[in-house]
Amino acid sequence: MKNKMHAIVKEKPEYGAVYKEVEIPEIGPEQILIQVKSTSICGSDFHIYKWNKWAQDNIEPPQIMGHEVAGDVIEVGSRVQKVKKGDFVSSETHIPCGHCYQCETGQEHICRNMKILGVHQDGVFAEYAVLEEVDVWKTDPSINKDFASIQEPLGNAIDTILPGEVAGKDVLITGAGPVGLIAIAVANTFGAANILVSEPNEYRRNLSYEMGADHVVNPIEVNLLEAVQDIFGNKGVDFTAEMSGHPDAIRDGIKAVTPGGIVSLLGLPDDKLSLDLTNDIIFKNIKVVGITGRKMFSTWHIANNLLKNEKINLSPVITHKMPLKDFEKGMKLMEEGNCGKIILKP
Ligand SMILES: [Zn+2]
Ligand SMILES: [Zn+2]
């Protein structure tokens, strides 16, 4: 095997990244080397590229970017048992410590000492990548390689929608970025009766219909609570999945839920915000759930099963595919918001 590969490297603590030749990494006894077949850009990759506050606090350049991946195992460490050479795999992004209270109680996805692939160690925007045995996910080889690389955000969407118990219910999804778009398909697959999506970007509003939304509104032009009233009447929605992090979407999303209903919060607001807890949450007896990561690995079983049996259609959300070296074009699309998932191919 050759010893050099191409990778997207966050080289300096500043805006941007470079496509360059680097050494193919060596693996430790509990690591796996894969040949990358498909990767996808996540919002966090865009933050690292732009070098926002969160990136500055968490990343130590130089480092290879990226964490959403599918590829073939080409080498396994001496202690690895979970996968073997030739297996088709993806990877969880959260790297758990294995010994904190959360890890010991089946909640590895919220490990207190968590490290993140492509954030605290080299990522997957490269021809080859190192994965941890604790994270590697053997993927059914019949699953389309691009869908396999977006199992990680699909997992976010699944964990956001699952608590809503949406079968036969009225659902509001605020924010149709890539994970919001995938959440529309998940809500449909799980049997939601009527899905309203709120999204300011026109491109993503159109995509929302393709993912299975029944109604789509622009919250800049219409009052979201009036739209909820028009569509669902006084009852409101049974469940809101908040995927935007926008303060108005969070407040309206909670207000839109019927008493006794459920809200999942996945979007991250930039700042603290005030809520009317008394009237909007406590007296309404609603349940508000924070969502982060994906359950390791019950959510991955669901994602893999839905994809393998073609029970979810992710085709519309993959809006762009490009070679790894054209990643700047992908980042520009992310900036404009005129995209769903962008696939990068080494
Ligand atoms: Zn991601
Ligand atoms: Zn832990």
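**Group meeting: core, zinc sites and ring pairs**

Let me start with the core. The largest nonpolar core holds 42 residues, and L154, I161, I173 and L314 touch the most other members. By nonpolar core I mean a set of buried Ala, Val, Leu, Ile, Met, Phe, Trp, Tyr and Cys residues joined through side-chain atoms within 4.5 Å. Buried is under 20% relative accessible area, exposed is over 50%, and partly exposed is in between, with a 1.4 Å probe and protein chains only.

Two remarks on the source. This is a predicted model: local features need pLDDT of at least 70, side-chain atom pairs count only at pLDDT 80 or more, and totals for chains, interfaces and linings use all residues. Residues are numbered from 1 along each chain as its sequence is written, chains are lettered from A and ligands numbered from 1 in the order in which they are written, and side-chain values use heavy atoms, with hydrogens and water left out.

Helices (H or I, at least four residues) and strands (E, at least two) are DSSP runs, numbered from the N terminus. Domain 1 (4–150 + 314–345) and domain 2 (158–290) each contribute at least three residues to this core. Those domain bounds come from an automatic or database domain assignment. In soluble globular proteins, nonpolar side chains tend to be buried together.

Now the zinc ions. Ligand 1 has C42 (SG), H67 (NE2), E68 (OE) and E152 (OE) as its protein donors, at 2.2 to 2.7 Å. Donors are N, O and S atoms within 2.8 Å of the metal (3.2 Å for Na, K and Ca); water is not among the atoms, so sites may look incomplete. The donor spacing in sequence is C-x24-H-E-x83-E. C42 sits in the loop between β3 (31–40) and α1, and H67 in the loop between β4 (63–64) and β5 (68–76). Both C42 and H67 are buried.

C100 and C111 are eleven residues apart, and both are buried.

Next, rings. There are five aromatic pairs. Rings of Phe, Tyr and Trp (its six-membered ring) pair if their centres lie within 6.5 Å; planes under 30 degrees apart are stacked, over 60 edge-to-face, the rest tilted. Y49 and F327 have ring centres 6.2 Å apart and planes at 85 degrees, so they are edge-to-face. Y49 is in helix α1 (residues 43–50) and F327 in helix α12 (residues 327–336), 278 residues apart. Both are buried. W137 and W300 have centres 5.9 Å apart and planes at 45 degrees, so that pair is tilted. Y15, Y49 and F327 form a cluster through ring pairs.
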